[in-house]
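Work through the exercises below with the sequence and the model at hand. Each task is followed by a worked solution.

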Amino acid sequence: MFEATIAGSLPKPAWLAEPNKLWPQWRAVGAELAAAKADATLLAVKEQEDSGIDVVTDGEMSRQHFVHGFLEQVDGIDFAHKVEMGIRADRYKVMVPQVVGEVSLKGRVHATEAKLARAHTKKKLKITMPGPMTIVDTVADEFYGDRVKMAFAFAGLLNQEARALQADGVDVIQFDEPAFNVYMEEAAGWGIEALDRAAEGLTCTKAVHICYGYGIQANLDWKASLGNEWRQYEKVFPALAKSRIDQVSLECRNSRVPAELMKLLDGKDVQVGVIDVASDKIETPEDVAAVIGEAMKYVAKDKIIASTNCGMAPMRRDIAVAKLRALGAGAALARKRFG
């Protein structure tokens, strides 16, 4: 009961990449970089285990960014000629690669880190990938001319890699869809249809992470504009409840999401965000247990998983590790209190 996990990413060590950045530059190249990524992956697994995390991830140590880390292994993508594009409904502008041809996988995407993590932990292992709608929102289309067609093309590639990850021994495959909180009408339609295509045929646990974003200034400014209640989930959750997805990850700690919206996910496991990634304040185990207790009013306790609101990639490492420990200790406290 109340397994603990994280949304996916942890901060990269300073010897691997620039610290405290969402799009960090690597410190090495070639074989030296590959070895550093492997070392950082093992460190991320160990830090989670030591913190009492039950479902560990690779920390996303091998990817510069959660979307581009997947796209780098896709043919039909031009990284050499990036263009500036507004993403998440123009919330902020970034340099993105262009889709210039029919997309296909060059080979395996996350095999190295997944197999490495699987070989070094007896815990359940989760690997994350960007969802189809979020990929579409993070590339410039110079080929398909249709967002839905392009989303389903990427969904097929995600499904191909997801099936391979399942064969690698991965227990949970999570698709990250922050775009679902931005394009709510489309998300409830073709967004979830594309997500179901990405999850097709999987027998491992299938999760989706929807949130209000990393703790970066553009997201903080956007959240400040959303009013006293954040009801974006209200449009998407009923459709998700009917989807192939087993678990839904959402933001709860210090958010303005009405907790009763979780009732719309009836039948699904809920990864309840109990750690605020937009604040450097370290939660206490009591804080974590309190959020779990609130979630229990709307979700059966055997369907609650304690998690972080979002990834911790841009965060200071010492703060992230302290929050990991609070997460593990808080989940343990909740098991003692509510179990």
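**Exercise 1.** Which residues in α5 meet which residues in α6? Then classify the angle between the two helices.

Solution. The model is a predicted one. Start with the contact: R147, V148, A151, F152, A155, G156, L158, N159 and A162 in α5 meet E186, W190, E193, A194, R197 and A198 in α6. By class, these residues are 9 nonpolar, 2 polar and 4 charged. Next take the geometry. Helix α5 covers residues 147-167 and helix α6 residues 184-198; their axes lie 7 Å apart, at an angle of about 30°. Angles under 35 degrees count as roughly parallel, so α5 and α6 are roughly parallel to each other. The crossing of α5 and α6 is right-handed.

**Exercise 2.** Classify the angle between α1 and α3, and list the residues in contact.

Solution. Helix α1 (residues 30-50) and helix α3 (residues 111-120) have axes that come within 10 Å and cross at roughly 45°. That makes α1 oblique to α3. The handedness of this crossing is right-handed. On the α1 side, the contact is made by A38, T41, L42, V45 and E49; on the α3 side, by E113, L116, A117 and H120. They divide into 5 nonpolar, 2 polar and 2 charged residues.

**Exercise 3.** Is Q98 buried or exposed? Describe its surroundings.

Solution. Q98 lies in strand β3, residues 92-105. Its relative accessibility is 12%, so Q98 counts as buried. Leaving out residues up to four places away in sequence, Q98 touches G76, I77, D78, H81, V83, A140 and E142. With H81, a polar atom of the Q98 side chain lies 2.6 Å from the backbone oxygen of H81.

Technical notes. Residues are numbered from 1 along each chain as its sequence is written. This is a predicted model: local features need pLDDT of at least 70, side-chain atom pairs count only at pLDDT 80 or more; totals for chains, interfaces and linings use all residues. Side-chain values use heavy atoms; hydrogens and water are left out. Axes are lines fitted to C-alpha atoms, for helices over the stretch in contact, and angles run from 0 to 180 degrees between N-to-C directions. Helices (H or I, at least four residues) and strands (E, at least two) are DSSP runs, numbered from the N terminus. Angles under 35 degrees count as roughly parallel, over 145 as roughly antiparallel, 65 to 115 as roughly perpendicular and the rest as oblique. A crossing is left-handed if the near helix is turned anticlockwise from the far one by less than a right angle, and right-handed if clockwise. Contact means heavy atoms within 4.5 Å. Ala, Val, Leu, Ile, Met, Phe, Trp, Tyr, Cys and Pro count as nonpolar, Asp, Glu, Lys and Arg as charged, and the others, Gly among them, as polar. Buried means under 20% relative accessible area, exposed over 50%, partly exposed in between (1.4 Å probe, protein chains only). A polar contact is a pair of N or O atoms within 3.5 Å; within protein, one must be able to donate a hydrogen and the other to accept it, and residues adjacent in sequence count only if both atoms are side-chain atoms.
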